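Reader: I would like to learn how to read a structural model step by step. May we begin with how far the model can be trusted, and then turn to its parts?

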Amino acid sequence: MAVLERAATRGEPLRRLRDLAAEGRLEEAYDEVVPLLAELADDPGARPGWARRAGRLLGRADRDAVLARHPGVTPVTVAVTGQSTVADVVEPLTGELARHGLLLHAVVGDHGGWLRDLTDPEDPDGSFRGVAADLTLCLLDDTTVFAEVPAVWGPDDVERAAAQVAARIEAVVRQRAAAGAPTLVLTTLPLPRERTHQLVDHRSRARLGAVWREFNARLLRLGAGTAGLVVIDLDPLIAAGGPVADTRLAQYAGARLGTELLDACARETAHLVRALTGRGRKCLVLDLDHTLWDGVLGDDGPDGIAAAGTLRGEAFGAFQRAVRQLAAQGVLLAVSSKNDRDTVRAVLRAHPDLLLREGDFASVHADWEPKSGHLAAVADALGIGADALVFADDSPAERAEVRHSGLGAAVVPLDDEPALHVERLLADGWFDTLAVTDEDRARTAHYRAAGARAALRAGAGSHEDFLRGLGVTLDLSAPEPHEHERLAQLTQRTNQFNLTGLRLTPADAARLTADPGRLLLAARTADRFGGNGLTGALLATLDGNTLRLDNAWLSCRVLTRGIEHALLATLLAHARHTGRHAVRAAFRPTAKNARARELYPSLGFAPEGEHDGTLLFRHDLRRLPAPPEHVRITGPLTGGLDRRKHS
């Protein structure tokens with residue numbers, strides 16, 4: 001019966017999209033798109049190609065009308081260029097981005113014009129003139145190098161050509177970094193068999209393979225060490241998805257990258273855009289029975305479950321190892337299980353098969369309540385939005401209940417084949433980020449410390465008593481070079497306390513730190529339970545006698561401790577201490593920052609009106625707010641504060 005039900009519902013989301021497009025109602029009903037695409041993507045039977053089919057339909061929608069009707073949809077402009085025919089990436093990229101509430105505006109460069117597009121976007125004859133791209137995607141292929149080799153060639157000729165192309169790319173990257181250009185996404189170059197097997201001896205083929213891999217390794221190292229550049233390695237995508245291209249299309253249409261590979265590139269690019277726009281996920285919520293172990297705990301008992309020692313058990317063990325790997329990089333873990341709580345905790349503490357233990361989970365929920373309630377409780381306990389959760393479960397009914405609850409949690413569709421658990425967990429890159437920082441690796445420890453803070457709060461007589469006993473410290477100064485990645489990540493992930501919705505890249509952080517006309521500050525916080533790391537930031541512009549506060553960010557982990565007031569009070573005192581006459585600030589409402597709306601008025605800022613939906617404020621610096629007494633403030637900006645209390 002379950003198989004028949006799945007067969008009956010398969011294709012329904014796509015059919016609904018077709019109906020909306022045929023009826024001319026895509027703009028009106030665009031709020032249905034995200035849940036429809038979530039269902040479509042979660043159905044293994046719809047892969048591959050779901051994003052391309054959906055993107056073809058969504059491309060009919062009038063972009064301006066969608067944005068006017070649905071303010072929660074975020075527009076994203078992507079400039080697409082490359083060596084050969086690359087326009088075919090637009091449809092799958094449209095579908096992949098739409099799944100995450102992002103509306104694509106794609107601008108495609110001319111065939112083979114990647115070098116001009118990247119080095120001279122304002123060329124009067126260029127495709128990118130006047131385009132304010134959020135991201136540039138450059139898809140290269142084997143002809144990028146082979147266009148530089150003679151008609152009759154050998155491995156040495158390819159090596160020389162590859163060195164020239166690599167040097168050219170490195171110069172482009174340096175030029176774009178100096179100009180503050182948006183994030184550039186490059187791909188490694190596939191080496192088709194039609195190239196390798198034009199060499200008839202195996203030694204030459206081996207030499208060519210080595211030269212090609214060294215070239216791609218050079219690109220990957222460039223991506224690993226350069227802010228504002230991401231290099232997508234095509235080798236894993238080709239291994240998972242099939243041939244590089246269709247031979248006939250490659251010859252007649254110049255399409256050197258095939259449909260399946262472009263679909264995979266679109267997926268990886270969408271994961272990156274999702275991270276850059278603050279839509280990254282933070283916590284993986286796991287079912288237990290047939291998800292983390294083989295068997296049903298309530299029926300089989302602790303001795304009847306397995307994650308090792310049997311064929312199926314070993315597959316669950318491999319899944320646990322993958323989950324543990326994610327956790328080591330800052331992904332929070334939680335449990336949602338319909339089981340007895342005490343039995344679950346006992347198994348997590350002592351079962352010999354388990355690699356994951358109770359201490360690895362920031363939150364454990366085991367009872368008979370709906371799993372959407374578990375997820376809401378996890379989000380509340382961790383102080384994050386429910387849309388920062390990823391839910392993995394083998395039950396279609398449980399997944400459907402969570403998907404239709406309105407929480408916004410992502411859903412990973414597992415089933416009764418544990419060998420596929422790892423593949424399905426990683427398929428959508430829910431936790432992808434530009435870089436993993438030390439704060440990420442320490443995240444689970446931070447949330448364990450949060451439990452100790454909760455105990456202190458429970459024992460305190462009032463919230464003020466709790467704050468006085470917490471011993472909060474704030475260090476406010478310019479970010480160090482090694483902190484640019486973390487600061488950018490903070491701006492990309494912070495939604496509740498992001499006063500204008502502005503996001504920065506590591507390249508932006510480096511450029512703004514060096515700009516004498518801008519003031520970029522990193523806020524590092526700690527308390528009696530340990531350091532929280534870099535949890536906040538301020539960005540301001542020096543504008544004559546006025547300081548313009550462009551934005552402020554603060555991690556949700558440290559909200560409600562007075563740190564936001566300490567940040568702004570310090571900046572105001574510094575502005576007056578350095579002879580400024582006023583501080584201007586802006587607040588742009590977003591879907592998630594409503595709780596910060598009253599921050600400026602609470603600190604004495606007066607409203608100055610509104611511009612394009614942004615609320616404008618001004619502080620005349622005559623009467624400064626006092627920093628919270630329970631926060632000890634350090635750093636070079638404290639000259640205007642009462643140092644007897646705050647140094």
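**Reading the model feature by feature**

Author: Let us begin at the start of the chain. Over residues 1-10 the pLDDT stays under 50, and the model has four contacts beyond four places in sequence for this stretch. Such a value can be given because this is a predicted model.

Reader: Over which other residues does pLDDT stay under 50?

Author: Residues 643-647 also stay under 50, and the model has eleven contacts beyond four places in sequence for them. For the protein taken as a whole, the mean pLDDT is 89, and 94% of its residues reach 70 or more.

Reader: How many residues does the largest nonpolar core have?

Author: There are 57 residues in the largest nonpolar core. Those with the most contacts inside it are Cys-283, Leu-389, Leu-538, Leu-567 and Tyr-600. Helix H26 (residues 563-577) supplies the largest share of this core, namely seven residues. Apart from it lies another core, of 32 residues, which includes Phe-316, Val-323, Leu-333 and Leu-354.

Reader: Which residues does Leu-567 touch, not counting those up to four places away in sequence?

Author: Leu-567 touches Leu-474, Leu-476, Ala-523, Leu-538 and Leu-554.

Reader: How should I read a residue within a helix? In which helix does Val-172 lie?

Author: Val-172 lies in helix H9 (residues 155-179). The general idea is that an α-helix has 3.6 residues a turn, so residues three or four places apart point the same way. Val-172 is buried, at a relative accessible area of 5%. Leaving aside neighbours within four places in sequence, Val-172 has contacts with Leu-115, Leu-118 and Thr-119.

Reader: How many of the residues of helix H4 (residues 50-58) are buried?

Author: Seven of the nine are buried, so helix H4 is largely enclosed by the rest of the structure. The buried residues are Trp-50, Ala-51, Arg-52, Ala-54, Gly-55, Leu-57 and Leu-58. They pack against helix H2 (12-22), helix H3 (33-42), H6 and helix H14 (259-276).

Reader: Finally, let us turn to strands. In what sense do strand S1 (residues 74-82) and strand S2 (residues 102-108) pair?

Author: They pair in the parallel sense, over seven bridges. As one example, Thr-77 has His-105 in S2 as its bridge partner. Between the two strands the chain passes through helix H6 (residues 90-98), and this β-α-β crossover from S1 to S2 is right-handed.

Conventions. Residues numbered from 1 in each chain as written. Predicted model: local features only at pLDDT ≥ 70, side-chain atom pairs only at ≥ 80, totals over all residues. Heavy atoms only, no water. Core = buried A, V, L, I, M, F, W, Y, C linked by side-chain atoms within 4.5 Å. Buried < 20%, exposed > 50% of the residue type's maximum accessible area, 1.4 Å probe, protein only. Helix = DSSP H or I, 4+ residues; strand = E, 2+ residues; numbered from the N terminus. Contact = heavy atoms within 4.5 Å. pLDDT = per-residue confidence, 0-100. Pairing = 2+ DSSP bridges. Right-handed = clockwise from strand over helix to strand, strands pointing away.
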